[in-house]
Amino acid sequence: MDIMNVLPEDRYAEADDFLAFISIYDDKNRTKAYFDFLDKNKTLVEGKVCAELGAGLGIMSEKLLELGASQVFAIEKNPHLFELTRKRLSKYENAMVINSDVLDFVPDREIDFAVHEFYGQLLFDEEIFLLDSLKWKPKLLFPNGGKLMGGVMNVADFDDEVVNAETVKHLDGVLVSGLFDEENVPLQFDVATYKYGTGTPKSFVCDISAYTGDLLYFGLVILHDGKEICRAGVCNNWSYVWTYRKGNKFKLEFDVTDRGTDVYFSWLDR
Ligand SMILES: C[S@@+](CC[C@H](N)C(=O)[O-])C[C@H]1O[C@@H](n2cnc3c(N)ncnc32)[C@H](O)[C@@H]1O
């Protein structure tokens, strides 16, 4: 979904975010992966003070309420998503929907269990960094980890008439999401890892000299306590990210800005 007309900058930003975030709900596997975890771990929620950081449409908050949370704080900064969550949760007396940046939110009591989904296709390229900047700490955060994995293969294996060994060279240094389907494309090595509470690293160097092929790709894996919750390709909210393989060693860097996170990619041995 793209906005086609010129709008004032603020209106554009909030409508653009709104559209980007409602599209995640097309991914039923993502919702199922989260709900499955919550159903299996009901004791973490029942009778507990919970929060959803970045509530979107509020479906995770509603799940927490249905599972018996004593109180749910649903914090959402986008005014349109906030309004939709407020309506969804209006029937629950123990829901508090807050239109705020999570960084400005300070709960008046201890939060036992907080849920978020701040993962980008390249792990750190959306809002993960917020988690380590909160003014408070939940007793338990779900999910509390993730990794960005990578792989190398030959573009010829895709048998694509347009994106082939010649055209792909023109993507030298360009990271493209969704260039190919992820089906049957294995993730082979770790590129970057995240563990809540240990700080958000910003720069990663990876050596792929052991792998052959002219196509490098990345895929997200969401983890909780080291166990897989969801991964790119299975949960189609996250596509693989592809680029032409130009060397054996690359650097991936993330720079947090006022509006999201900028991603930098370079080959170190070209
Ligand atoms: C990927 S969506 C996840 C929505 C919801 N938690 C879910 O899983 O269905 C991320 C949400 O976080 C919100 N968000 C992003 N940055 C935020 C911030 N700094 N403070 C509050 N909400 C934020 C976005 O507007 C969006 O609704």
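The following conversation goes through the architecture of a predicted model of a protein chain.

Student: How many helices and strands does the protein chain have?
Tutor: This predicted model has five helices and 14 strands in the protein chain.

Student: And how compact is the protein chain, given its length?
Tutor: Its radius of gyration is 20 Å, close to the 18 Å from the globule rule for 270 residues, so the chain is as compact as a globular protein of that length. Along the principal axes, the C-alpha atoms fill a box of roughly 60 × 45 × 30 Å.

Student: What share of the residues count as buried?
Tutor: The buried share is 35% of the 270 residues.

Student: Turning to the strands, in what order do they lie in the open sheet?
Tutor: Five strands form the open sheet, in the order β3-β2-β1-β4-β5, and their pairing is parallel. The edge strands are β3 (95–99) and β5 (140–142), each of which pairs on one side only. From one strand to the next, the twist averages 20°.

Student: How many bridges join β1 and β2?
Tutor: Strand β1 (residues 49–53) and strand β2 (residues 71–76) pair over five bridges, in the parallel sense. Within this pair, L53 stands opposite I75 in β2.

Student: Which strands does helix α4 touch?
Tutor: Helix α4 (residues 79–88) packs on the sheet and touches β2 and β3. The direction of α4 makes about 165° with that of β3.

Student: How do α1 and α4 pack?
Tutor: Helix α1 (residues 9–22) packs with α4 at an angle of about 50°, and their axes are 8 Å apart. Angles between 35 and 65 degrees count as oblique, and α1 and α4 are therefore oblique to each other.

Student: Which residues meet there?
Tutor: From α1, E14, F18 and F21 meet P79, H80 and L81 of α4. The residues of this contact divide into four nonpolar, one polar and one charged.

Student: New topic: is helix α3 largely enclosed or exposed?
Tutor: Helix α3 (residues 59–66) is largely enclosed by the rest of the structure, because six of its eight residues are buried. Those buried residues are M60, S61, E62, K63, L64 and L65.

Student: What covers the buried residues of α3?
Tutor: The cover includes the helices α2 (28–40) and α4, together with the strands β1, β2, β3 and β4 (113–116).

Student: And which residue with positive phi follows α3?
Tutor: That residue is G68, with a phi near 100°.

Methods: Residues numbered from 1 in each chain as written. Predicted model: local features only at pLDDT ≥ 70, side-chain atom pairs only at ≥ 80, totals over all residues. Pairing = 2+ DSSP bridges. Helix = DSSP H or I, 4+ residues; strand = E, 2+ residues; numbered from the N terminus. Axes fitted to C-alpha atoms, helices over the stretch in contact; angles between N-to-C directions. Contact = placed C-beta atoms within 7 Å. Rg over C-alpha atoms; globule rule 2.2 N^0.38 Å. Buried ≥ 20, exposed ≤ 12 C-beta atoms within 10 Å, placed from the backbone. Parallel < 35°, antiparallel > 145°, perpendicular 65-115°, else oblique. Nonpolar A, V, L, I, M, F, W, Y, C, P; charged D, E, K, R; others polar.
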